[in-house]
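Subject: Structure handover

Hi,

Here is the structure I promised to pass on. Please load it, then read my notes below.

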Amino acid sequence: MIKIQKFIFNPFFVNTYIIWDEESREAAIVDPGCSNSMEEKQILEFINTKNLKLNYIINTHCHIDHIFGNSFVKEKFNSKLLMPEKDIFLLDIMKEQAESFGFSFNNHSPLPDEFISEDKSLHLGNSKGKFIFTPGHTPGEFCILFEEEKLCITGDVIFKESIGRTDLWGGDYETLIHSIKTKILILQDDVIILPGHGEDSTIKHEKQFNYYLINL
């Protein structure tokens, strides 16, 4: 059985998720946005208190607000880093990304140990997650679906009553809408959406109240 803890980090209020299998304690951190020592301490204390084995660091996509903590978490736990291959170019412009939002950032993310693909699954003990390719916000973004628990971590693809920006590096509106229509809205209505920013939602709620989607 999967358990999930959400943290809200950095000036962009990114939702960082720690997910783990309740029996085995095997865990992954998704989009580690921790950007200062206080936020890093929260991650360390939670993982240690829960006695978790952090097997994976996963980036749904590689915009800077979602990868702030890659280097720190990798150094502390030596977990396997997974990210989309088509977003690797964003690692090369981390400084440019930061400066475009008015701040400096000199810490660089390590390269991935593996690329995410729909052919791979996320295994945490007896729990299994499915990677769903959902480009548009970035060229390579993936969501993570836990079918048994009816939970979907959606990064910046879809939010409660909104969708991801497409005016940033590699974004494309039509591609994003196609991803949402063909990969997200086909999920069962009671699947819970865990987005990269903001509150949780459900597929049913987004079909009814998301301005960008109600006419699809």
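Predicted model: local features only at pLDDT ≥ 70, side-chain atom pairs only at ≥ 80, totals over all residues.

The buried residues in helix 3 are Asn70, Ser71, Phe72, Val73 and Lys74. The helix itself spans residues 70–77. It lies across strand 3, strand 4 and strand 5. Its direction is at about 155 degrees to strand 4. Just past the end of helix 3 comes Asn78, with a positive phi of about 50 degrees.

Six strands make up an open sheet, in the order 1-2-3-4-5-6. The pairing is mixed. Strand 1 (2–9) and strand 6 (114–115) are the edges, and each pairs on one side only. Strand 4 (residues 53–58) and strand 5 (residues 80–83) run parallel. Three bridges join them. Across from Ile57 stands Leu81, in strand 5.

Helix 1 (residues 37–49) also lies on strands of this numbering: strand 1, strand 2 (14–21), strand 3 (26–30) and strand 4. Helix 1 runs at about 165 degrees to strand 1.

Next, the aromatics. The structure holds five aromatic pairs. One of them is Phe7 with Phe9: the ring centres are 5.6 Å apart and the planes sit at 15 degrees, so this pair is stacked. Planes under 30 degrees apart count as stacked. Phe7 has 8% relative accessibility and so counts as buried. Phe9 is buried too, at 1%. Phe133 and Phe142 are another pair. Their ring centres are 5.1 Å apart, and their planes meet at 40 degrees, so the pair is tilted. Phe142 is buried, because its value is 6%. The cut-off for buried is under 20%. There is also a cluster: Phe7, Phe9, Trp20 and Phe46 form one aromatic group.

One more residue to look at is Ser179. It is found in helix 5 (residues 173–184). Ser179 has a relative accessible area of 3%, so it is buried. Which residues does Ser179 contact, leaving aside its neighbours within four places in sequence? They are Thr134, Pro135 and Ile184.

Last, the chain as a whole. There are six helices and 14 strands. Along the principal axes, the C-alpha atoms fill a box of roughly 45 × 45 × 30 Å. Of the 216 residues, 52% count as buried. Among contacts with a separation of 6 or more, 63% come from residues 24 or more positions apart. The accessible surface is about 10100 Å². Carbon and sulfur atoms account for 48% of that surface.

Best wishes

Definitions and conventions:
Residues numbered from 1 in each chain as written. Heavy atoms only, no water. Phe/Tyr/Trp six-rings, centres within 6.5 Å; stacked < 30°, edge-to-face > 60°. Buried < 20%, exposed > 50% of the residue type's maximum accessible area, 1.4 Å probe, protein only. Pairing = 2+ DSSP bridges. Helix = DSSP H or I, 4+ residues; strand = E, 2+ residues; numbered from the N terminus. Contact = heavy atoms within 4.5 Å. Axes fitted to C-alpha atoms, helices over the stretch in contact; angles between N-to-C directions. Areas by Shrake-Rupley, 256 points an atom, 1.4 Å probe, with all protein chains shown as cover.
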